[in-house]
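The following explanation leads the reader through a structure, from single residues to the contact between chains. Please keep the sequence and the model in view while reading.

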2 protein chains.
Amino acid sequence: MASAFVKRVVVVAAIVVGVVGVTMTTVAAKRNGQAASPSVGSAGIRLPPRYRDWALVSVAHEAGSFNDIRAILGNDIAIRAYRKGQLPFPDGTIIARVAWSYVPSEENDKVFGKAQSFIAGAPTNVQLMVKDSKKYAATGGWGYAQFTKGKADAVDAAKCYSCHEPVKARDFIFTKYAPS
Amino acid sequence: MASAFVKRVVVVAAIVVGVVGVTMTTVAAKRNGQAASPSVGSAGIRLPPRYRDWALVSVAHEAGSFNDIRAILGNDIAIRAYRKGQLPFPDGTIIARVAWSYVPSEENDKVFGKAQSFIAGAPTNVQLMVKDSKKYAATGGWGYAQFTKGKADAVDAAKCYSCHEPVKARDFIFTKYAPS
């Protein structure tokens, strides 16, 4: 049985390790340009608590350096607008791009009898586009944010916006609704 | 301006073409082994009217002869069970595999500066697994159905079941929930 002294040393050590760990994480986060507050992204955008319940807009695979497989989800306002073909999207629209690493599935391949199956591996990050035509007027009416493991990353909305410019005619949204 | 006689001929011809068309479609459907009723699949399973609003379980790409990109959606019972890790899935669970042809996106590739983007093209079909441990006891408690353009295809549930046997330990469900 550990003595009271040993217990106290262990507790103090644990606190020190904890404090140092948190400080280092914060420093690293700041160095990586992450937002100061872990849950608030660029332009004050937060990850909506129930975004994972949203309906599906479409799916995609990005090869290259992304090497991910992704789903595009939309809140109710987004989905209604998509299904009606309403452009521009109304204020309040939120579109979430959720991505996972693109990994082969040995389990599925065995059943199919050949290597052909790719599934979602570890989550990479979640990107949001939030429509507020006044607040985000400088970037086409859309705010941009990114979250990794639920924590906000710093993003340069002007850069996001410039990449989305080619689809200005579709209100800067690349993904089309996938009917089924 | 067309005479009343010509108009009548056109109307009669349209009706004849319509009736012949419907009859031929029905005959073709029966030849292809489709269910007699267009909306009721194997084992009496219907496509739930709002399945496209269901939350996402995961995404996948099947290469090979499928060459599709797919989303796996679940009704509320399915999603709750998935998130809790509940096995077996409770009766009432419905899991929908929605698939589209796998097509490159020139539009996206232009923005990324290289050929790397693959998106959902035309819908292929929707497959359902419906849990009813009594009704579908012979196939592991799951009923299987497939719909193309909303119409039921004939499926051999015993064949579906045999392919799902390797994942009996996960209640015959291949797809794992993809957290994000």
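**A guided reading of the model**

Gln146(A) is located in strand β5 of chain A, which covers residues 142-148. Helices (H or I, at least four residues) and strands (E, at least two) are DSSP runs, numbered from the N terminus. The model is a predicted one, in which local features need pLDDT of at least 70, side-chain atom pairs count only at pLDDT 80 or more, and totals for chains, interfaces and linings use all residues. Residues are numbered from 1 along each chain as its sequence is written, chains are lettered from A and ligands numbered from 1 in the order in which they are written, and side-chain values use heavy atoms, with hydrogens and water left out.

Is Gln146(A) buried or exposed? Gln146(A) counts as buried because its relative accessibility is 16%; buried means under 20% relative accessible area, exposed over 50%, and partly exposed in between (1.4 Å probe, protein chains only). Its side chain makes a polar contact with the side chain of Gln127(A) at 2.7 Å. A polar contact is a pair of N or O atoms within 3.5 Å; within protein, one must be able to donate a hydrogen and the other to accept it, and residues adjacent in sequence count only if both atoms are side-chain atoms. When neighbours within four places in sequence are left aside, the residues in contact with Gln146(A) (heavy atoms within 4.5 Å) include Asn125(A), Val126(A) and Gln127(A), as well as Lys151(A) and Val155(A).

The chain around this residue may now be considered as a whole. Chain A contains 4 helices and 6 strands, and from the N terminus on its elements follow the order α-β-β-α-β-α-β-β-β-α. Of the 180 residues in chain A, 41% are buried. Among contacts in chain A with a separation of 6 or more, 51% are between residues 24 or more positions apart. The chain exposes about 9800 Å², and carbon and sulfur atoms supply 62% of that area; accessible areas come from the Shrake-Rupley method with a 1.4 Å probe, and for residues only the protein chains shown count as cover.

Thr93(B) is placed in the loop between α2 (76-84) and β3 of chain B. Thr93(B) is classed as buried because its relative accessible area is 0%. Its side chain reaches the backbone oxygen of Pro90(B) at 2.7 Å.

Most residues other than glycine have a negative phi, and most peptide bonds are trans. In chain A, a cis peptide bond joins Leu87(A) and Pro88(A), with omega about -5 degrees, and Pro88(A) is in the loop between α2 (76-84) and β3 (94-104). In chain B, the peptide bond from Leu87(B) to Pro88(B) is cis, with omega near -5 degrees; Pro88(B) is in the loop between α2 and β3 of that chain. Phe172(A), although not a glycine, has a positive phi of about 70 degrees. Phe172(A) lies in the segment after α4 (157-164) of chain A and counts as buried at 5% relative accessibility. Lys149(B), also not a glycine, has a positive phi of about 50 degrees. Lys149(B) is in the loop between β5 (142-148) and β6 (151-153) of chain B and counts as exposed at 78% relative accessibility.

The last topic is the interface. Here 43 residues of chain B are in contact with 43 residues of chain A. The area buried between the chains is about 3400 Å², of which carbon and sulfur atoms give 55%; buried area is the accessible area (1.4 Å probe) that two parts lose on being put together, summed over both. Arg52(B), Val59(B) and Ser180(B) supply 19% of the area that chain B buries against chain A, more than any other three residues.

Between chain B and chain A there are 4 salt bridges, a salt bridge being a side-chain nitrogen of Lys or Arg within 4 Å of a carboxyl oxygen of Asp or Glu. Arg83(A) forms a salt bridge with Asp53(B), with the closest N and O atoms 2.7 Å apart.
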